[in-house]
Amino acid sequence: MPIEKNQVVLFHYSVSDEQGNVVEDSRGGEPNAYLHGHGGIIRGLEEALEGRHAGENFSVTVAPDKAYGPRKPDAIQRVPIKHLTGARRWKPGMIAQVKTEQGPRHVVVAKVGHKFADVDTNHPMAGRTLTFDIDIIEVRAADAEELAHGHAHGPGGHH
């Protein structure tokens, strides 16, 4: 069954930066699950998966415009330290989570004061060309609940 809209895809991946450093790897855990055609993964990766089948392994390099976007130089914001979650003591370069009106968001701590921190709201991988090594594990039809919710359920998905 080729990957197309409204199918659930389970896959393992590793992602490397421009220097070939692996920055994320799903192997050793549950495969990632997403509902194809619903924007649950970056656009360049979803386009590369279109039409492929379970059992395929491939690599794809994705430019920033189809990954996490370009870095925005004006994306530094000052927030109260009490709104950062993920650690007790903060240092520049650490990744924190902040609750926003759009839901939780990851930020990179740029500078820390006594009560406030300057955080970079760019995605940590914004502006980077990324290479994904993909192993497609399973492709199946989505059920009615997954289609209604707009995402995959079960291991590697939501709920």
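**Close-up views of side-chain contacts**

Asp-120 counts as buried at 12% relative accessibility (buried is under 20% relative accessible area, exposed over 50%, partly exposed in between, with a 1.4 Å probe and protein chains only). This is a predicted model, in which local features need pLDDT of at least 70, side-chain atom pairs count only at pLDDT 80 or more, and totals for chains, interfaces and linings use all residues. Residues are numbered from 1 along each chain as its sequence is written, and side-chain values use heavy atoms, without hydrogens and water.

**View 1. Arg-71 and Asp-120 meet in a salt bridge.** Their N to O distance is 2.3 Å (a salt bridge is a side-chain nitrogen of Lys or Arg within 4 Å of a carboxyl oxygen of Asp or Glu). Arg-71 sits in the loop between β4 (57-62) and β5 (76-80) and Asp-120 in strand β8 (residues 116-120), so the pair ties together parts 49 residues apart in sequence. Strands (E, at least two residues) are DSSP runs, numbered from the N terminus. Arg-71 is partly exposed, at 44% relative accessibility.

**View 2. Arg-140 forms a salt bridge with Glu-146.** The closest N and O atoms are 2.8 Å apart. Glu-146 is buried, with a relative accessible area of 1%. Arg-140 also forms a salt bridge with Glu-138, at 4.0 Å.

**View 3. Phe-11, Tyr-13 and Tyr-34 form one aromatic cluster.** Rings of Phe, Tyr and Trp (its six-membered ring) pair if their centres lie within 6.5 Å; planes under 30 degrees apart count as stacked, over 60 as edge-to-face and the rest as tilted. Phe-11 and Tyr-34 have ring centres 5.8 Å apart and planes at 85°, so they are edge-to-face. Both Phe-11 and Tyr-34 are buried.

Note on methods. Helices (H or I, at least four residues) and strands (E, at least two) are DSSP runs, numbered from the N terminus.
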